[in-house]
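Open the model in your viewer and have the selection tool ready. We will go stop by stop.

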Amino acid sequence: MTARNGDGSTPIVYVEELSGHVGEGVVIRGWVAGTRSSGKIKFLIVRDGTGLVQGVVTPSADKETFRLAEELPLEAAVKVKGTVSADDRAPGGVELAVEHVTPVHIPNEEYPIAPKEHGVGFLMQRRHLWIRGQKQMPLLRLRDGALWAMRAFFKERRFIATEAPILVSTSVEGTTTLFTVDYFGRPAYLSQSGQLYLEATCAALGKAYWIGPVFRAEKSKTRRHLTEFWMLEAEMAYLEHEENLQLQEDLVRHVVEYVTQEHRRELEVLGRDPQVLMDEVEGPFARVSYADAVEIVRSAGVEMEYGQDLGAPAEDALSEHFRRPVFVERFPVSIKPFYMKRCADEPGVALCADLIAPEGYGEIIGGSQRVDDQQELEKQLREAGLAEEPYQWYVDLRRWGSVPHSGFGLGVERTVAWLSGIHHLRETIPFPRMIDRLDP
RNA sequence: UCCCCGGUAGCUCAACAGGCAGAGCGGCUGGCUGUUAACCAGUAGGCUGGAGGUUCGAAUCCUCCCCGGGGAGCCA
């Protein structure tokens with residue numbers, strides 16, 4: 001269905017569709033992203049959320065339009081009627097010979113974000129406007145593509161999309177700092193993970209996943225942390241460790257393939273070479289045990305003791321060493337949560353793996369096979385120093401029809417950062433929440 | 001929570017060793033029929049984050065506070 005303009009004759013189209021309308025009259029509805037003038041010829045850059053197009057205004061347009069073209073400030077809202085023409089000089093290959101501009105809203109004040117350099121603090125305070133930027137826009141579109149690819153992957157594999165609660169009464173991992181809220185007079189917490197609930201759900205549905213926000217009250221202050229971020233968590237009954245890794249690998253490869261095929265334009269604007277991503281997921285992902293990883297990290301000159309978790313410098317050393325996604329398996333149980341099953345051949349290590357992204361983007365997946373034996377689970381709860389009472393429902397899952405099962409959680413923002421080549425997580429989500437950033 | 005760096009025009013920054021507070025961009029005015037962060041000419045724009053202190057004199061040195069950035073730990 002093609003929308004029609006007020007006069008009933010001119011089709012309203014989006015910038016991304018313009019190449020299919022060369023030679024035709026169209027109306028673009030959008031915002032002014034820039035103006036230039038060279039006397040009797042004026043240029044109007046218009047964006048509409050799907051892309052940017054240059055409108056060319058000459059004296060052949062009506063008088064009012066010709067005058068407006070010079071005066072329109074940044075971010076004026078306009079409807080632009082014109083004829084689409086192919087032009088090699090235009091970025092994107094097409095431009096618009098403007099016949100008429102209808103102003104929808106003309107700002108009275110100067111737009112605070114000039115098309116010039118700005119500091120991050122300045123831009124973050126104006127995040128609600130910054131997202132209109134020519135790099136932010138494709139980044140958010142890329143995020144959409146990545147999430148879409150994840151959902152399509154699971155749909156195709158017959159996983160059921162489900163939900164986990166955000167308000168919870170207990171911690172999943174015991175160690176992480178939680179946000180507390182008042183829940184009718186008693187404390188509740190914002191969930192840091194939906195995993196325990198996914199374990200329950202997968203015993204009902206067989207294969208389940210969810211994509212939702214999770215919260216960490218850690219006072220992290222780095223480019224790899226947000227206090228509110230989105231996690232994709234999947235859990236599958238009868239899935240064992242090896243198959244779990246294969247599932248994760250298939251998922252990540254699918255997302256990369258989808259994004260490099262369907263979002264080439266966005267990647268190009270972001271300066272991200274799709275070939276780099278494709279090369280990284282070509283062939284099986286690397287695998288290394290935690291113990292061997294420690295040796296690799298040390299030989300790269302990074303200080304690390306066996307028993308310490310992988311810090312950022314350690315992760316960077318590993319991604320530099322393997323230059324492709326790498327699963328780090330068999331972590332010491334002391335640095336992993338209580339619900340992980342232990343390796344049969346070595347009870348001191350967990351049947352788990354973290355997936356480290358290439359190029360220093362850090363851990364994008366953490367997963368494991370879960371404890372399926374009731375006594376074992378109760379023992380590990382005690383060893384973790386957690387109260388058993390709040391976890392009774394979780395223990396129940398081992399009481400009736402307990403089966404081997406595994407799952408994982410993927411950090412959406414870290415994945416998008418890797419895909420897009422963006423350095424800092426804050427740009428991969430529309431309105432990031434960080435230790436010192438609650439507005440806008 | 002800890003460590004490091006910073007706060008000067010709307011923005012990005014300069015101002016030697018304590019001595020008249022500047023530039024580019026943006027804005028505004030004018031010029032230009034193919035500009036790509038256009039270009040050319042002109043113009044306005046400042047309580048140097050706040051409070052104390054040292055000094056003849058502080059954007060500059062000292063103390064405290066506030067705000068921003070980078071990193072660590074923790075994690076996705």
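Start with chain A, which is divided into domain 1 (3–105) and domain 2 (128–428); these bounds come from an automatic or database domain assignment. This is a predicted model: local features need pLDDT of at least 70, side-chain atom pairs count only at pLDDT 80 or more, and totals for chains, interfaces and linings use all residues. Residues are numbered from 1 along each chain as its sequence is written, chains are lettered from A and ligands numbered from 1 in the order in which they are written, and side-chain values use heavy atoms, leaving out hydrogens and water.

**Between the domains**

Colour the two domains. The centres of domain 1 and domain 2, taken over C-alpha atoms, are 45 Å apart. Eight residues of domain 1 are in contact (heavy atoms within 4.5 Å) with five residues of domain 2.

Now select E75 and R132. Their side chains form a salt bridge, 2.8 Å from N to O. The term means a side-chain nitrogen of Lys or Arg within 4 Å of a carboxyl oxygen of Asp or Glu. The rule finds two salt bridges across this interface.

**Around the RNA**

Next, show RNA strand B. Which residues are closest? Look for R36, R216, D309, E363 and R414.

Zoom in on K219. A polar atom of its side chain lies 2.5 Å from a phosphate oxygen of RNA strand B.

Finish at β19 (362–369). β19 gives the most to the surface near RNA strand B, with four residues. Strands here are DSSP runs (E, at least two residues), numbered from the N terminus.

Terms used. Near = heavy atom within 4 Å. Polar contact = N/O pair within 3.5 Å; in protein donor to acceptor, adjacent residues only side chain to side chain.
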